[in-house]
Amino acid sequence: MSDVREILERGLGGAAAPPDGFERMLRRRDRKRRNQRIRAGALGLLIVAAGLAVAVQVIRSDRPAEPTPAPEPTPTSDFDPSPSPPLDLEPLVRLDPGAYFVNALTGEAVPLPSDLTSVPGAGNYDVSPDGSMIAFDNAGDRPLAGGGLHQVYVANIDGTGLRRLTEHPIAAVEPAWSPDGTRIVYLAGRDPSRRWTRLPVELTVVDVATGATSIAFTDRAARDLAGPLAFTPDGSILFWRGHLGYGRRPWTVPVSGGRPEPFLDERGWYSGALSPDGSTFVLQRLSGYVWHNRGGTCSELWLTGADGSDPTRFTGCLDAEGGHDLASGAALSGGWSPDGRRVAYSVRGFFSATPARRVVIFDVEAGRSTVLANGYGLDWLDDETLIVMNQGPGGGS
Amino acid sequence: MIHPVRITEPASVEVQMAFEDFFRAEHERLFQALYLLTGDRDEADDVAQEALLRAYERWDRVGSMDSPQGYVYRTALNLHRSHRRRLVVRARRVFAHVPAEDPGGPVALSQDIHRALAALPRGQREALILVEWLGLGSEDAGQVLGIEASSVRGRLHRGRESLRRTLEDADE
């Protein structure tokens, strides 16, 4: 520490910012908005008064009065919600809390083997390409923490042979199988409580049979490196990187390690998934904050070419016609079915007393969404079977 | 064959908390930097709040910047300069001088250090605090201040010398 910094520390004398800074900032924002509305209203009144004065002058001069243009209405909200296609939130099947294999066409649901749900916090399930094994972490839908709390597990799809695959001192989460089913890539070292201390995040590859690990990429800048992890047609690891969940874009890095390259030139996406044949992206974009007295974001889903071309939005922020308040929008949740015909995503009633999630199946060819179940999707077992998690009222379903 | 991608859900909760995480990580440091810069707790708090609020209002753009912190620091410095200008104009009109003492804060800034900092030209003071307190490199500090890194290093050198000299004089 330099002597000047010591001088500054002595000068500071331990002074700390007044408490409740964030809440005070929100109140300040509210005051600012109110004042802006008052000013806009006053301006409107002035315009009306000026218009009246002109009209009076015109009448007094015995000339026919011309209509006075009305002032623009004062906006009451900065948020212009984009309507979604109509969506009936009543699901095809209602699930009790738990994790299930759910048939996307019939709604038939079978609970996951109990061994696969026996680890507290089990979630983020990922089925191996041949459908014989499953990987998961114990971060589930809970906030991440450090200290080695979260690790990656593997088991046979019937729940037998369960074992912990990682022993990372900070955290190992979001496993994804390689196309040949021999390796798993996961995010290591991600500890959100230390996000701002530039803690490195690693993309670690582990050989499932031997447990040997290698690091494909270490992000020392920790610029919000995030999943979902996946593999591109050429076998590189696809990951997401940006800032604070905004302006992320997909990057790829060879499994053997090397220099990461951006997969799409354009920033502004939050997350996404490449279709199994590598031809189409489904991308998630955050459309902005919602100011209806509460903070929040709304996310939309788009289909694009693999190079980001021809973006077409297929979900919005409000299901206006159905009257449902889906202000937090749609989140990718399950991704592409193996045959590339369907995309699983979830919607969430954000402002209700008990936020409700629904997993929705989007038929790409028909361009139609169907609400499948309460909960959210995790991965496809086969072309028609989706793993769905319902965490109950406390978990938002 | 490419394995279908499993997507973690929901993303929106994490993102909703993103700015709050940023705020809680940066607020204290920003306040302390502004306190050192201004010597006034109320002004430091006011400028820090306004700078962070402006980042919040533009978060869809600011959050995607390479350095959201840089945006906030630059905004805070601009606000501080603007505040200063208003204060100077008001002070000239009403008072003979601007009171330099912190109005009764529980942890008063050391008067010697405060006077030494206040005696520095504004540019040197800002460079010192950006580099020595906020830990920015001279390149990053140059971006915040809108000047070359070499100019930052020059200001730093002169600022450090002046600060030490003033404090040594005060000790004698």
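Buried means under 20% relative accessible area. Keep that cut-off in mind. What you see above is a predicted model.

Let's start where the two chains meet. Glu50(B) has a relative accessible area of 11%, so it is buried. Which residue does Glu50(B) pair with in a salt bridge? The partner is Lys32(A), with the closest N and O atoms 3.1 Å apart. This pair crosses between chains: Glu50(B) sits in helix α3 of chain B, residues 41-57, and Lys32(A) sits in helix α2 of chain A. Is Lys32(A) buried or partly exposed? Lys32(A) is partly exposed, because its relative accessibility is 21%.

Now stay with chain B for a moment. Arg58(B) and Glu57(B) form a salt bridge, and their closest N and O atoms are 3.5 Å apart. Both are partly exposed: Arg58(B) at 31%, Glu57(B) at 26%. These pairs belong to something wider. Salt bridges with shared partners link Arg28(A), Lys32(A), Asp46(B), Glu50(B), Arg54(B), Glu57(B) and Arg58(B) into one network.

A further salt bridge joins Arg164(B) to Asp3(A), at 2.8 Å between the closest N and O atoms. This one also crosses between chains, from helix α9 of chain B, residues 149-171, to helix α1 of chain A, residues 3-12. Arg164(B) is partly exposed at 25%. Asp3(A) is partly exposed too, at 36%. How many salt bridges are there over all chains? The count is 20.

What about chain B as a whole? Chain B has nine helices and zero strands. Of its 172 residues, 52% are buried.

Back to helix α2 of chain A, which covers residues 21-60. One is a patch of positive charge, made by Arg27(A), Arg31(A), Arg34(A) and Arg37(A). Arg37(A) lies in helix α2 and is partly exposed, at 40% relative accessibility. The other patch is nonpolar: Leu43(A), Leu46(A) and Ile47(A), with about 300 Å² of accessible area together. Leu43(A) is in helix α2 as well.

Next, the strands of chain A. Strands of a sheet pair through backbone hydrogen bonds, either parallel or antiparallel. In chain A, four strands make an open sheet, in the order β3-β4-β5-β6, with antiparallel pairing. Which strands are at the edges? They are β3 (123-127) and β6 (163-164), each pairing on one side only. Inside that order, β4 (residues 133-137) and β5 (residues 152-156) are joined by five bridges. Ile134(A) has Ala155(A) in β5(A) as its bridge partner.

Now look at β7, residues 172-177 of chain A. Why call β7(A) largely enclosed by the rest of the structure? Because six of its six residues are buried. β7(A) runs antiparallel to β8, residues 183-188, over four bridges. Ala172(A) stands opposite Ala188(A) in β8(A). The hairpin of these two strands has five residues between them, and there Gly181(A) takes a positive phi near 75°.

Glu174(A) has phi near 55°. It lies in β7 and is buried, at 8%. Asp310(A) has phi of about 50°. Where is Asp310(A) found? It is in the loop between β17 (297-305) and β18 (312-313) of chain A. Asp310(A) counts as exposed, because its relative accessibility is 65%.

That's the tour.

Definitions and conventions. Residues are numbered from 1 along each chain as its sequence is written. Chains are lettered from A and ligands numbered from 1 in the order in which they are written. This is a predicted model: local features need pLDDT of at least 70, side-chain atom pairs count only at pLDDT 80 or more; totals for chains, interfaces and linings use all residues. Side-chain values use heavy atoms; hydrogens and water are left out. Patches are made of residues with over 30% relative accessible area and no salt bridge: like charges are joined within 9 Å, nonpolar side chains (Val, Leu, Ile, Met, Phe, Trp, Tyr) within 5 Å. Accessible areas come from the Shrake-Rupley method with a 1.4 Å probe; for residues, only the protein chains shown count as cover. A salt bridge is a side-chain nitrogen of Lys or Arg within 4 Å of a carboxyl oxygen of Asp or Glu. Lys and Arg count as positive and Asp and Glu as negative; His and the chain ends are not counted. The place of a charge is taken as NZ of Lys, CZ of Arg, CG of Asp or CD of Glu. Buried means under 20% relative accessible area, exposed over 50%, partly exposed in between (1.4 Å probe, protein chains only). Two strands pair if DSSP finds at least two bridges between them.
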